[in-house]
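Please read them with the structure open beside you.

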Amino acid sequence: KTAASARDAIIQTGAQRLRPVFLTTITTVFGLVPMAYGVTIDFFSRSVSIGAPSTLWWQPLAMTIIFGLIFATVLTLIVTPSALMLRANRLEKKAQKKRRQHAPAPRPGDVQPAE
């Protein structure tokens with residue numbers, strides 16, 4: 001299915017990407033939250049501890065991944081489509097300007113169309 005304009009294509013692809021991007025981001029972020037807060041779950045001894053020495057290495061990594069994913073989600077769903085729309089608008093304005101410059105000059109007595 002093809003879109004009629006750049007705006008329609010951007011809206012269509014944004015709608016198609018919204019659910020998979022959000023689901024991936026949300027599940028990964030929620031999966032990393034315990035690691036980011038320093039919660040250690042030991043399945044062999046069936047214990048949960050907070051602030052174990054091993055978490056000192058994993059907390060910064062988890063926080064980096066969480067904030068990186070959130071930032072990438074904003075870029076993917078908001079900034080990239082906006083930049084594409086700005087480019088499409090700029091190209092359309094240039095094309096309109098070029099059409100006006102190459103249009104034949106009006107002759108005396110011609111009626112100008114209202115804009």
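1. What covers the buried residues of α1? The cover includes α2, where contact means heavy atoms within 4.5 Å. In α1 the buried residues are Ile10, Thr25, Val29, Leu32 and Ala36; buried means under 20% relative accessible area, exposed over 50%, and partly exposed in between, with a 1.4 Å probe and protein chains only.

2. A word on the basis of these comments: this is a predicted model, in which local features need pLDDT of at least 70 and side-chain atom pairs count only at pLDDT 80 or more, while totals for chains, interfaces and linings use all residues. Residues are numbered from 1 along each chain as its sequence is written, and side-chain values use heavy atoms, with hydrogens and water left out.

3. The protein chain has two helices and two strands, and from the N terminus on its elements run α-β-β-α. Helices (H or I, at least four residues) and strands (E, at least two) are DSSP runs, numbered from the N terminus. Of the 115 residues of the protein chain, 11% count as buried. The accessible surface comes to about 9800 Å², with 66% of it belonging to carbon and sulfur atoms; such areas come from the Shrake-Rupley method with a 1.4 Å probe, and for residues only the protein chains shown count as cover. Among contacts in the protein chain with a separation of 6 or more, 51% are between residues 24 or more positions apart.

4. Helix α1 (residues 6–36) has a kink of about 35 degrees at Arg17, shortly before the proline Pro20; the bend at a residue is the angle between axes fitted to the seven residues ending there and the seven starting there. Gly31 is also found in α1, and this glycine counts as exposed because its relative accessible area is 51%. Gly31 and Ala62 are 31 residues apart in sequence, and 9.6 Å separates them in space, C-alpha to C-alpha. Just after α1, Gly38 takes a positive phi of about 80 degrees.

5. Strands β1 (residues 39–42) and β2 (residues 47–50) pair in the antiparallel sense over four bridges; two strands pair if DSSP finds at least two bridges between them. Thr40 stands opposite Ser49 in β2, and Asp42 stands opposite Ser47 in β2. The hairpin has four residues between the strands, and Arg46 lies in this loop. Most residues other than glycine have a negative phi. Arg46, by contrast, has a positive phi near 55 degrees. Arg46 is exposed because its relative accessible area is 78%.

6. A nonpolar patch on the surface is formed by Met63, Phe67, Ile70, Phe71, Val74, Leu75, Ile78 and Val79, with about 710 Å² of accessible area together. Patches are made of residues with over 30% relative accessible area and no salt bridge, like charges being joined within 9 Å and nonpolar side chains (Val, Leu, Ile, Met, Phe, Trp, Tyr) within 5 Å; a salt bridge is a side-chain nitrogen of Lys or Arg within 4 Å of a carboxyl oxygen of Asp or Glu. Val74, one of the patch residues, lies in helix α2 (residues 55–102) and counts as partly exposed because its relative accessibility is 39%.
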